[in-house]
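Welcome, and please load the model in your viewer before reading on. Each stop below tells you what to select and then what you will find there.

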Amino acid sequence: YKIKKSLVDQGTDLVVTKGLLNHFAAGFACKRLNIPVVWHMQDLISRRYFSLLRSVFNYFAKIIPVHIICDGEMIQQSLKETIREKSTIIINGIKTCDLIRGGNERKATRDELGIPANAYVIGNLARITPWKGQEILLRIFIDYKINNQNAYLLLVGSPVFNNDRHYKHLKQLIQKYDVKDFVIMPGYRVDLKNMFSAMDFFVFPSKEKDTSPLALLSAISAGLPVAVSNIESLIEIIELCPFVDVFDHRNREELVS
């Protein structure tokens with residue numbers, strides 16, 4: 001009802017929604033007002049619960065949006081064939097000129113975060129949530145650090161929707177393995193150029209769902225060496241960027257190597 005009132009007050013002619021909840025909430029509001037809606041889908045709908053959620057989503061995808069933009073082929077393939085006809089694949093775009101790493105930013109950011117100038121920094125930037133794979137990366141880093149005492153891990157990001165259980169779990173692991181001086185978690189940051197400038201190597205260990213993630217595309221554009229997990233939804237990025245390293249997130253020894 002709040003969205004509906006806002007749309008009326010602004011005299012809206014077309015709505016583009018992002019995010020699963022918004023596809024429904026804003027979609028229903030627009031349906032009541034006869035305002036056309038374009039869904040910009042950046043989330044792969046899970047097959048969990050016998051694909052019940054996917055079935056519900058497809059039902060409403062049929063009746064709400066006039067068109068659907070998918071940021072990856074797997075997202076489009078999750079739509080029923082009749083709905084696919086009103087969809088387009090457009091991989092996420094970013095403004096690359098704002099991301100190129102710099103020497104001044106590197107020093108200033110490392111000084112801010114307490115990272116030595118000569119340290120080897122492995123980085124990740126993502127929402128803190130289990131399927132993004134931060135725990136995998138943390139556990140691998142603990143093993144890797146045995147061979148490289150000069151290594152630091154920079155995990156940039158924060159939980160969303162007040163769901164900080166996984167964040168607390170990561171903090172507990174850091175305490176348990178006594179690596180608190182070498183694992184930096186600065187929280188949510190908008191100064192991506194600074195974060196990337198502080199890193200030497202970017203690892204993207206997602207376990208599922210990611211299609212063309214902005215954080216990964218940004219790290220590539222920043223000029224960082226990058227390694228990504230070989231999940232099916234990232235195949236498009238891997239094919240477009242053959243210079244990235246690819247690993248199996250389930251193979252501990254491979255990732256340490």
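## Stop 1: strand 2 and its partners

Strand 2 and strand 3 (residues 67-70) run parallel and are joined by four bridges. Select Met-41 to see one of these links: its bridge partner in strand 3 is Cys-70.

Is strand 2 enclosed or open? Five of its five residues are buried, so strand 2 is largely enclosed by the rest of the structure.

## Stop 2: zoom out

A word on what you are looking at: this is a predicted model. The protein chain holds 12 helices and 10 strands. Its C-alpha atoms fill a box of roughly 60 × 40 × 35 Å along the principal axes. Of the 257 residues, 47% count as buried. Among contacts in the chain with a separation of 6 or more, 63% are between residues 24 or more positions apart.

## Stop 3: the aromatic rings

Show the rings of Phe, Tyr and Trp. By the pairing rule used here, the count comes to 10 aromatic pairs. Select Phe-24 and Trp-39: this pair is edge-to-face, with 6.2 Å centre to centre and 65 degrees between the planes. Phe-24 lies in helix 2 (residues 20-33) and Trp-39 in strand 2 (residues 37-41), so the pair ties together parts that are 15 residues apart in sequence. Phe-24 counts as buried at 17% relative accessibility, and Trp-39 counts as buried at 0%.

Move on to Tyr-59 and Phe-60. Their ring centres are 5.0 Å apart and their planes are at 75 degrees, so this pair is edge-to-face.

## Stop 4: a lysine and two rings

Select Lys-145, then Tyr-152 and Phe-182. The charged end of Lys-145 sits over the ring of Tyr-152, 6.0 Å from its centre. Lys-145 also lies over the face of Phe-182, at 3.7 Å from the ring centre.

## Stop 5: strand 8 between two neighbours

Select strand 8 (residues 201-204). Phe-201 and Val-203 point one way and Phe-202 and Phe-204 the other way, and all are buried. Which strands pair with strand 8? Strand 5 (residues 120-125) pairs with strand 8 in the parallel sense over two bridges, and Ile-122 has Phe-201 as its bridge partner. Strand 9 (residues 226-229) also pairs with strand 8 in the parallel sense, over three bridges, with Val-228 as the bridge partner of Phe-204. Follow the chain from strand 8 through helix 10 (residues 214-222) to strand 9, and you trace a right-handed β-α-β crossover.

## Stop 6: the nonpolar cores

The largest nonpolar core has 31 residues, and those with the most contacts inside it are Leu-154, Phe-196, Met-199, Phe-202, Leu-216 and Val-226. Elements that each supply at least two residues include strand 6 (151-156), helix 9 (192-198) and helix 11 (235-240). Which helix gives the most to this core? Helix 10 does, with six residues.

Centre the view on Leu-216. Leaving aside neighbours within four places in sequence, Leu-216 is in contact with Phe-202, Phe-204, Val-226, Val-228, Leu-234 and Ile-237. Another core, of 22 residues, lies apart from the largest one; among its members are Ile-142, Ala-151, Leu-170 and Phe-201.

## Stop 7: Leu-214

Finish at Leu-214, which is found in helix 10. Leu-214 is partly exposed, with a relative accessible area of 41%. Beyond neighbours within four places in sequence, Leu-214 is in contact with Asn-92, Gly-93 and Ile-94.

How values were computed: Residues numbered from 1 in each chain as written. Predicted model: local features only at pLDDT ≥ 70, side-chain atom pairs only at ≥ 80, totals over all residues. Heavy atoms only, no water. Buried < 20%, exposed > 50% of the residue type's maximum accessible area, 1.4 Å probe, protein only. Pairing = 2+ DSSP bridges. Right-handed = clockwise from strand over helix to strand, strands pointing away. Phe/Tyr/Trp six-rings, centres within 6.5 Å; stacked < 30°, edge-to-face > 60°. Lys NZ or Arg CZ within 6 Å of the ring centre and 35° of its normal. Core = buried A, V, L, I, M, F, W, Y, C linked by side-chain atoms within 4.5 Å. Contact = heavy atoms within 4.5 Å.
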